Amino acid sequence: MYVCLCTGVNSETVTQVVAAGARTSQEVADACGAGSVCGRCRSTVRRIIAAELAAAGEAAPAALVAEEAAGWPPEEAAGWPPEGAPSRPRRSVPWRTRLVEVRTYAVRPADAERFHERVVLAGLPLLGEQGVDVVHFGPSETPRDQAVDFVLIRSFPSRRALERLEVELEGSARWRAALGADAADAVVEERQVALLLPVDAVDGLRSRLRGADFTPEAGTV
Ligand code: FES
């Protein structure tokens, strides 16, 4: 059963996220995206959390009770519902979105092969462990004289999920150790842009780029 019409997340996924430790609708939104767009499914998400906890003999945590009491997200809040929101939630493309982050790394030509190898052998597996949806990784099609550009495309259910990854993984000693100082030193310039895209567009991008270089299976985050 679909719980979140904006992101297409079903009740099974929400249940799994609760089993993994989510205890509020915000934590569910962070983990799988359900409730991260228009928010109309948040009360349903909270009911699922409460039912799962009750089945496990756990009391509803204070944070969940507080969320419910506050009625988050408040329907009367300024800017709610978002401009253009359908009067009834529908599973329509504009509302099923992912935050797509595109990073480019300019690498010295002499270091390009080693950088590529470290990312493929160490960086991408770590992202896979975290369930990150890596849409594409590979060299740019645009040649440059003094550098080789690499492109990494990842999609996230929300900006918060991206920010959490940056803090918890990419800021960690484990990440730096896996990539190695030489890979980090090889990067002379790094850029990052992010945009919201319909889920179908992300899947189309993944299909189009599949086979171009390294395109692992989609993760779950
Ligand atoms: S229905 Fe879940 S965020 Fe819109």
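How many salt bridges does the structure hold? There are 16 of them, a salt bridge being a side-chain nitrogen of Lys or Arg within 4 Å of a carboxyl oxygen of Asp or Glu. Keep in mind that this is a predicted model, where local features need pLDDT of at least 70, side-chain atom pairs count only at pLDDT 80 or more, and totals for chains, interfaces and linings use all residues. Residues are numbered from 1 along each chain as its sequence is written, and side-chain values use heavy atoms, with hydrogens and water left out.

**View 1. Glutamate 101 pairs with arginine 154.** The closest N and O atoms of this salt bridge sit 2.9 Å apart. Glutamate 101 belongs to strand E3 and arginine 154 to strand E5 (residues 148-156), so the pair ties together parts 53 residues apart in sequence. Helices (H or I, at least four residues) and strands (E, at least two) are DSSP runs, numbered from the N terminus. Glutamate 101 is buried, at 0% relative accessible area, and arginine 154 also counts as buried at 0%. Here buried means under 20% relative accessible area, exposed over 50%, and partly exposed in between (1.4 Å probe, protein chains only).

**View 2. Arginine 103 meets glutamate 190.** Their side chains form a salt bridge at 3.3 Å, N to O. Arginine 103 lies in strand E3 and glutamate 190 in strand E6, so this contact links parts 87 residues apart in sequence. Arginine 103 is buried at 8%, while glutamate 190 is partly exposed at 45%.

**View 3. Glutamate 189 forms a salt bridge with arginine 191.** The closest N and O atoms are 3.2 Å apart. Glutamate 189 is partly exposed at 32%, and arginine 191 is exposed at 53%. Elsewhere, salt bridges that share partners join Glu101, Arg103, Arg154, Glu166, Glu170 and Glu190 into one network.

**View 4. The second largest pocket has a volume of about 340 Å³.** Of its 17 lining residues, the closest to the centre are Tyr105, Phe115, Trp175, Leu179 and Glu190. On a 1 Å grid over the protein atoms alone, a pocket is an open set of points where a 1.4 Å probe fits, with protein on both sides within 12 Å along at least five of seven lines; lining residues have an atom within 4 Å of a point. Grid points are joined across faces, edges and corners, and the volume is the space filled by probe spheres set on the points. Helix H5 gives the largest share of the lining, 5 residues.
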